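I opened my notebook to look up a few details in a structure, one entry at a time. Come along and check each entry against the picture.

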Amino acid sequence: MNMLGSLTFLIMHLSTVMTPLFLQGCSNATCGEGLVSEKTSPSDLNNKILEILNATKPCESLDDCDTVEVSLVPKSRKKTSSERILVIDGGIRLAAYTRYKSKVLDHLIANEDGKYVSNPQKIRVPRPIFEVLSNLLDEQNADTPAFHLNDVAGEFVKHLKCVDSNSAHGSEIFGTLADLNPEAEFVIADLIDSYRSGFCEFYTSKDAREKYKTQLRTASSSLSTQIMEHEIEYVNMSLGHEREVLEDRWTRFCSGKVPDSFFELQKTFFTEFYEPLFANKEVVFVQAAPYSRFGLLENVDPEFYSDSQNIDNRLAVSGFSEIDPKLPILGSNNTDYLKDFFKGPWNSVDVYINFGVMHERPYRKGPFPVLLSTEGVGADALFDRPSTSSATPVGLSYLNYLKKSGLIKGSGQELVSNFKNYHQGKLVEPARYKQFEIYRLGRLP
């Protein structure tokens, strides 16, 4: 699509999606399914949350606390669900098991052989946390945006001290996706322990290498099966296997001399895990781009073997942070906005998301921050941690909006191709133009 065609289509689209709901002749009941109704306004909901939290003093330890043990009940997808997203990451527990449990179909964990199987965990949470996240929000007000709960976040956090499932990187990734895509359903998968014993033994013998390759192939094959069974459309993966990452893991987990080259190991990750996974061309794999101060050479860079490959159904996402650059809606290629370590991978990055905050701490927000929530009440937010991995769920959400709004069409590799052709530049500001499903569906004004 050329620039004139893109702009014409865009103007026609915006004249439709930006028409106020009351001009389209419908009420919340018919146009905004899941919205907080007049009976449960944001202020009323916040008051109910405070009432629950203030009724009990925050616990100092789980042993001295009234807790609820929760787990996830695997379920079949809804026939009417709009999109299904597989999130491969670590530490996705509290939000998935309480706040958004009605949207999570299953929790996959790789066993000792590397095979991904359904394996929901059990976690204990203080009763007030359970009542707020599971009963009040998920069961009664499931589509309430995190933004509407900012006023009670401070009190809510006080009760989180005794949750026995520590939040990790995946918590903020999942929370972002669930908040920005209210109609999505999810499957979550813990990261495979790719640094298990086989990793450290990789260079010791041919048999050790073959054993490790088998584990990676098993993990990839079983994930592919789960993707087909759940009819997954998008996979969010903040994975990276560049040399710097592998060298760090080797130093931390393995004994003996650090190998002179990790190229064979990097190639093994790609050929045994990534390549078979990416073979399903009907699925979009959205992956965090690497950092590099040096320009990456596409398809041949030995330091970033997996990241520099040209994958037609992979969307590589990075980020940057400027308060108010006023980028055009179709994007910009002005690399002056990028720090050096974001510029290096330019040829391997498909889209850069502006977080809309200052580069330096305390990350003061501009007029269009990518997320408006603070803590999120049950789902960690990305408001103060701009990075490539935290840009990834935002990039996926932006892609999903463009598809659902009709600006681009297709699935898998066709959708990725249309996404690239739609833009005039890689640097985009979806928050400025409200290009997320949470806005299109009327959850936020």
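**Entry 1: disulfides**

I kept in mind that this is a predicted model. I began with a reminder to myself: a disulfide is a covalent bond between the sulfur atoms of two cysteines. How many disulfides does a search of the whole structure find? I got 2.

I looked up Cys59 and Cys65, which are joined with an S to S distance of 2.0 Å. Their link is right-handed, with 65° about the S-S bond. Are these cysteines buried or exposed? I noted 13% relative accessibility for Cys59, and since buried means under 20%, Cys59 counts as buried. Cys65 is buried too, with a relative accessible area of 12%.

Next I turned to Cys200 and Cys254, a disulfide with 2.0 Å from S to S. The torsion about the S-S bond of this pair is about -80°, so I wrote it down as left-handed. Cys200 has a relative accessible area of 21%, so I listed it as partly exposed. Cys254, at 11%, is buried.

**Entry 2: two helices**

I then followed helix α7 (residues 169-180) and helix α13 (residues 388-404), whose axes come within 9 Å and cross at roughly 20°. Why do I call α7 roughly parallel to α13? Angles under 35 degrees count as roughly parallel, so the crossing at roughly 20° qualifies. The crossing of α7 and α13 is right-handed.

Which residues meet here? On the α7 side I listed His169, Glu172, Ile173, Thr176, Leu177 and Leu180. On the α13 side I listed Ser389, Ser390, Pro393, Val394, Leu396 and Ser397. Sorted by class, this contact has 6 nonpolar, 5 polar and 1 charged residues.

**Entry 3: two lysines**

Where is Lys326 found? I traced it to the loop between β9 (314-320) and α12 (340-343). With 58% relative accessibility, Lys326 counts as exposed.

Lys434 is not a glycine either, and I noted its positive phi of about 55°. I found Lys434 in the loop between β11 (427-428) and α15 (437-440). Its relative accessibility is 38%, so Lys434 counts as partly exposed.

Technical notes. Residues numbered from 1 in each chain as written. Predicted model: local features only at pLDDT ≥ 70, side-chain atom pairs only at ≥ 80, totals over all residues. Heavy atoms only, no water. Axes fitted to C-alpha atoms, helices over the stretch in contact; angles between N-to-C directions. Helix = DSSP H or I, 4+ residues; strand = E, 2+ residues; numbered from the N terminus. Parallel < 35°, antiparallel > 145°, perpendicular 65-115°, else oblique. Left-handed = near helix turned anticlockwise from the far one by under 90°. Contact = heavy atoms within 4.5 Å. Nonpolar A, V, L, I, M, F, W, Y, C, P; charged D, E, K, R; others polar. Disulfide = S-S within 2.5 Å. Buried < 20%, exposed > 50% of the residue type's maximum accessible area, 1.4 Å probe, protein only.
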